[in-house]
Amino acid sequence: MSLTIRSVAKQDYEQWLPLWDGYNAFYGRSGPTALAPEITAMTWQRFFDAYESVHGLVAESDGKLLGMTNYLFHRSTTAIAPSCYLQDLFTTEAARGKGVGSALIHGVYERAKLAGSPRVYWQTHETNVTAQRLYDKVAERSGFIVYRKLF
């Protein structure tokens, strides 16, 4: 399979949206718990706003999008250069196990290096054992536990 990892483009929306919706459905955000349409619209707009730190990559093969990842840069109190947070990663079911997820992660690594970022990090749900098998190959577990408070 010939695979290209590239920045998301405005003409990708029709193929990107099912990937985005699939990602959100995987984490229980569908039907009555779906993200509000304005969140999806704003996320999409941020990719094309030069003043935003949110970016998107897609994996393309033969004109079809097989996966997407979204990442952002932010400041840290422990480094001068920005940290890179890989926030979302999703591939079509047919693309799983074929290197698409790994290629997207490595695409984020390349963008982070170009931005001078000293690290890329992400989180996944403890039940997402399939993804963890990939993550254990391309990164190391930090040992940190995530806490949150929703309002």
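In the predicted model, helix α3 (residues 100-114) packs against helix α4 (residues 129-138) at an angle of about 45°, and the two axes lie 10 Å apart. The crossing of α3 past α4 is right-handed. On the α3 side, the contact is formed by G101, S102, I105, H106 and Y109, and on the α4 side by L134, Y135 and V138. Five of these contact residues are nonpolar and three are polar, with no charged residue among them.

Strand β3 (residues 64-74) pairs with two strands, β2 and β4. Strand β2 (residues 54-61) runs antiparallel to β3 and is joined to β3 by eight bridges; within this pairing, G56 stands opposite N70 of β3. The pairing of β3 with strand β4 (residues 83-91) is likewise antiparallel and comprises eight bridges, with M68 bridged to F90 in β4. Strand β3 is mostly covered, nine of its eleven residues being buried.

The hairpin of β2 and β3 has two residues between the strands. D62 is located in this loop and takes a positive phi of about 50°, although D62 is not a glycine. Most residues other than glycine have a negative phi. The relative accessible area of D62 is 75%, and D62 is therefore classed as exposed, the cut-off being over 50%.

Notes. Residues numbered from 1 in each chain as written. Predicted model: local features only at pLDDT ≥ 70, side-chain atom pairs only at ≥ 80, totals over all residues. Heavy atoms only, no water. Buried < 20%, exposed > 50% of the residue type's maximum accessible area, 1.4 Å probe, protein only. Helix = DSSP H or I, 4+ residues; strand = E, 2+ residues; numbered from the N terminus. Pairing = 2+ DSSP bridges. Axes fitted to C-alpha atoms, helices over the stretch in contact; angles between N-to-C directions. Left-handed = near helix turned anticlockwise from the far one by under 90°. Contact = heavy atoms within 4.5 Å. Nonpolar A, V, L, I, M, F, W, Y, C, P; charged D, E, K, R; others polar.
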